[in-house]
Amino acid sequence: MDALSSSNDSAVGPDDIHYQMMLKHLPSEVLNTLLIILNDIWLTGNFRSSWRQSSYVVPIPKPGKDTSDPTNYRPIALTSCVCKVMERMVNNRLVWYLERNIIITPTQRGFRKGRSTTHQLVRLESFVREAFIQKQHATAIFFDLEKAYDTTWKFGILKDLCHTGLRCRLPLFIAGFLSDIKFQVRVGGSYSKLRTGNGGTSGKHPICYSVLFEN
């Protein structure tokens, strides 16, 4: 219920199951059945292939960019709302573990409760003001990582989870979520052929998985 209540009414994925039109209005008996299904996926590690093998990618043009250049579009993936409910449940537990054990560096501000990137702007302003007061120089270096998600090393994510003490079910779920990703590009009412994602977070490394998932 927490995961459903915190979900936005985003567009539906290929299964046409909508948050507002269906999931948020299910009776308690059906929600209990859905919970049993999600728990079974969690316990067995059998990630539903339909969740990762079918999603719609809608290209959104970047403001002020040449629309004739394919690189000037931001891809938005429309995936199963049921899958996103489970993602949110797993993510809440993961974040709780990381925060409780102080695994995330205190300087990380974005994507954390009670913090935001605004804190970093205030911190930077304080450094600059202090430098002015003390008549010193303030130096700042900014990095903009292009295509950060596309170039993320999936095994590196799982390796980091392993080093933080998270093994077995959680990395199995994440590995299943990131493996064998298939999608279709949707433009208006037209769809491309089913494509397989490659590189970045869609890469596979089964030998490394067998090492990570040992008890």
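Q: In what order do the elements of the protein chain run from the N terminus on?
A: They go α-α-α-β-β-α-α-α-α-β-β-β-α. That is eight helices and five strands in the protein chain. Helices (H or I, at least four residues) and strands (E, at least two) are DSSP runs, numbered from the N terminus.

Q: Where does the model come from, and how are residues numbered?
A: It's a predicted model, where local features need pLDDT of at least 70 and side-chain atom pairs count only at pLDDT 80 or more, while totals for chains, interfaces and linings use all residues. Residues are numbered from 1 along each chain as its sequence is written, and side-chain values use heavy atoms, with hydrogens and water left out.

Q: What box do the C-alpha atoms of the protein chain fill?
A: Roughly 65 × 50 × 40 Å, taken along the principal axes.

Q: And how much of the chain counts as buried?
A: Of its 215 residues, 27%. Buried means under 20% relative accessible area, exposed over 50%, and partly exposed in between (1.4 Å probe, protein chains only).

Q: Ok, which residues have the most contacts inside the largest nonpolar core?
A: Leu23, Leu38, Trp51, Met86 and Ile174, in a core of 27 residues. A nonpolar core is a set of buried Ala, Val, Leu, Ile, Met, Phe, Trp, Tyr and Cys residues joined through side-chain atoms within 4.5 Å. H1, H2, H4, helix H6 (154-163) and H7 each give two or more residues to this core. H4 provides the largest share, eight residues.

Q: What does Leu23 touch?
A: Not counting residues up to four places away in sequence, Leu23 touches Leu4, Ile17, His18, Leu31, Leu34, Cys81, Val82 and Val85. Contact here means heavy atoms within 4.5 Å.

Q: Let's do helix pairs. At what angle do H2 and H4 pack?
A: About 65 degrees, with their axes 11 Å apart. Axes are lines fitted to C-alpha atoms, for helices over the stretch in contact, and angles run from 0 to 180 degrees between N-to-C directions. From H2, Leu34, Leu35, Leu38, Ile41 and Trp42 meet Val82, Met86, Met89 and Val90 in H4.

Q: How do those contact residues divide by class?
A: Nine are nonpolar, with no polar and no charged ones. Ala, Val, Leu, Ile, Met, Phe, Trp, Tyr, Cys and Pro count as nonpolar, Asp, Glu, Lys and Arg as charged, and the others, Gly among them, as polar.

Q: What about H4 and H7, what's their angle?
A: Helix H4 (residues 81-100) and helix H7 (residues 169-178) pack at about 140 degrees, with axes 12 Å apart. On the H4 side the contact uses Cys83, Met86, Glu87, Val90 and Leu94, and on the H7 side Leu170, Phe173 and Phe177. By class, that contact has seven nonpolar, no polar and one charged residues.

Q: Why is H7 largely enclosed by the rest of the structure?
A: Because seven of the ten residues of H7 are buried. They are Leu170, Pro171, Phe173, Ile174, Ala175, Gly176 and Leu178.

Q: Back to Val90: buried or exposed?
A: Val90 counts as buried, at 10% relative accessibility. Leaving aside neighbours within four places in sequence, Val90 is in contact with Trp42, Leu170 and Phe173. The C-alpha atoms of Val90 and Phe173 are 8.9 Å apart, though 83 residues separate them along the chain.

Q: Last one: where is Tyr19 found?
A: Tyr19 sits in the loop between helix H1 (2-5) and helix H2 (28-44). Tyr19 is buried, with a relative accessible area of 1%. Beyond its neighbours within four places in sequence, its contacts include Leu4, Asn8, Lys24, Cys81 and Arg88. Tyr19 and Asn8 are eleven residues apart in sequence and 7.8 Å apart in space, C-alpha to C-alpha.
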